[in-house]
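Here's a quick tour of a few spots worth a look. Have the sequence and the 3D view open as you read.

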Amino acid sequence: MGFFFFFWGKEEKEEEENKFLSSIFCKKKEKKKKTWCLRLFIVKNIDNFETPPLVVLSLQKQTIIKFFFLDFSIFSEPKNSLFKTMLGIIELGIQYRTWRSKAAKGKKSPRSAPSTPLAKMAKQLNEESISLESVMAEFKLSNTTLRRMMSHMSDNMDRGLESGLERSTIAMLPSFVPELPNGKERGKFVAMDLGGTNLRVMLMELEPGEPMRTKQFNTRMPNAAMHGTGEKLFDYIAKALCDFLIERELAEECLPVGFTFSYPCDQTGLRSATLLRWTKGVTATGCVGEDVVQLLEDAIKRDGRVKVNIVALINDTVGTMVAAAYEAGGHCDIGVIIGTGTNASYMESSKKIVHGLANATEEYNHKTMIIDTEWGGFGDNGEADYIFTRYDKIVDSKSDHPGVNSLDKLIAGMCMGELVRLVLERLCENKVLFNGIGSKMLRTRNTFPTKYISEILHDDCGVYSNTRQIMDELGIEGATFSDMLLLREVCVVVSRRSANLAAAAIACVLNRVRRPSMLVAIDGSTYKYHPFFNHWVCEKIRELLDPGLDFKIVQTGDGSGRGAALIAAIVSRVKREEEKRLRDLEIQRQKAAEAEEKRLLEIEAEKEEAEERARKISEMMRYQIERGAEESHQRFDQ
């Protein structure tokens, strides 16, 4: 059945917490001091909760509550058997007699109606725990399941490299970026970063051996641009770029521009890519199937105020990888985004990029290339249904693009808040939360943004000011202390499932790269602002990574923006190096031509000399013959 515990704790001063505890604990006088005493309870199903319930206390109840909420990870550490035992659904001691009676008789005995308020509370908690347990169990993923997912992902990556989306849900798109920065980049470069709902324009100045200098402008994309026509969308982007350069008196400089475009594209060249589909809530018409660089250049022409040169179109994960490599001295193995959406990039051998290079519009002569995996599409053909819950399917069916970007919706921040809201709504309907009342807003779609999860998990213990404010914003009244704990538990379970899936995807790529020590660069708001996401991801990767491999995770700041400018710098450097190489080749060719010409002249001169010698010899021989004939004639005449 479980384990039995006897705990004592000091009385809490908080009125609401006091009220909650008074319904569970019995008051007892001891040496004229009021204390709280939990006589007995039973722990069942110890693997079903991510966090220990509040009523599991130590000798210093207040201390352990503070410690628990300040250092959450300790309580979720699976190797700690004491706290592992404490994880679970609790029943109060009032249920113990009934259970013992059943065990003794070996048959089911009718449960008598609760006779005291405490018994009623115990019965209610028992009924609620069954419902809560079933809901939370759907989000549990074993390492066996995660390794199964990794195997399917790796197979899809291989098929994507060979055949693209014809045989895979992971596109494995070529970026045509051949290398990482080496510290020799110099000059002024412009970056534009369009990802999710934000647009950023950045000016970067680079000099070898000096810190980069940046100036930038950030704006939120208006709904009219995101959901209107493609022309409106790109006109808005072009206007932001022109305003930025004019303000800095750079309109006529014709600066190189790197454009980070964080949506699936079929890239056939460094500055040529066809949009495959919109993601992250964008639905602008007239863009799918069109060349993104051409759309931007047309919009800049329509504006007509600046002169720029679009040198590269990149994905945000490629930019993140490049930016991290610049900071790490030219080395980075994987770039990952976990924000509104999720994606990854890594360096692949050009020999394996069969599909991408077969459709290229320009010759590619480099040995390696950064691959934009577009792993967010994994599961679109139903190959990963085993990791979907009923809530995931509801979110997908009501999304802007049903059946598309399945892994995006499981991991990234776009849908995480809505998943939590759906779970809370169901728990409320079953009277597990908020006494079954809830609020109209809680039952309204997309009213629980993902930032609520981070804010709730950032809450200080005992106060829960963020949680209270969020419940006020949702219109929830009369929430108890236990409601706040359950709300926190739902946020933990749902977001930890996302972290585990992200870790499995990263481990899959690391197992493909297979270096003894690898660097993973991660950017994105979900990863950055969630208080436990980094810890959970690192912990799970270590469990899933092949033996003998090691890794380090670094968080990049503004990787996609700086990455775009750095790629523009790389392109300029590679172009300079290529021009120098071509100049050197031309000089060598000229020298070789001159040498060849000299050799030919020497050969011609030698030939002429030989001919002259032959002529002279021939003349001499002819002369001798004629002389001999003449002498013979003279002797004959005599």
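How far apart are the end C-alpha atoms of helix 11 (residues 316-327), and what should its 12 residues span at 1.5 Å a residue? They sit 17 Å apart, which agrees with the 16 Å that helix 11 should span; the expected span is 1.5 Å times one less than the number of residues. This is a predicted model, where local features need pLDDT of at least 70, side-chain atom pairs count only at pLDDT 80 or more, and totals for chains, interfaces and linings use all residues. Residues are numbered from 1 along each chain as its sequence is written, and side-chain values use heavy atoms, with hydrogens and water left out.

Helices (H or I, at least four residues) and strands (E, at least two) are DSSP runs, numbered from the N terminus.

Helix 11 is largely enclosed by the rest of the structure, because 10 of its 12 residues are buried (under 20% relative accessible area; exposed is over 50%, partly exposed in between, with a 1.4 Å probe and protein chains only). Among the buried ones are Asp316, Gly319 and Met321. After helix 11 comes Gly329, with a positive phi near 75°.

Now for strand 15 (residues 368-372): four of its five residues are buried. Its pairings (DSSP must find at least two bridges between two strands) look like this:

| Partner of strand 15 | Bridges | Sense |
|---|---|---|
| Strand 5 (residues 173-174) | two bridges | antiparallel |
| Strand 14 (residues 342-349) | five bridges | antiparallel |

Leu173 stands opposite Asp372 of strand 15, while Glu348 faces Met369 across the pairing.

Ile625, finally, belongs to helix 21 (residues 559-637) and counts as exposed because its relative accessibility is 58%.
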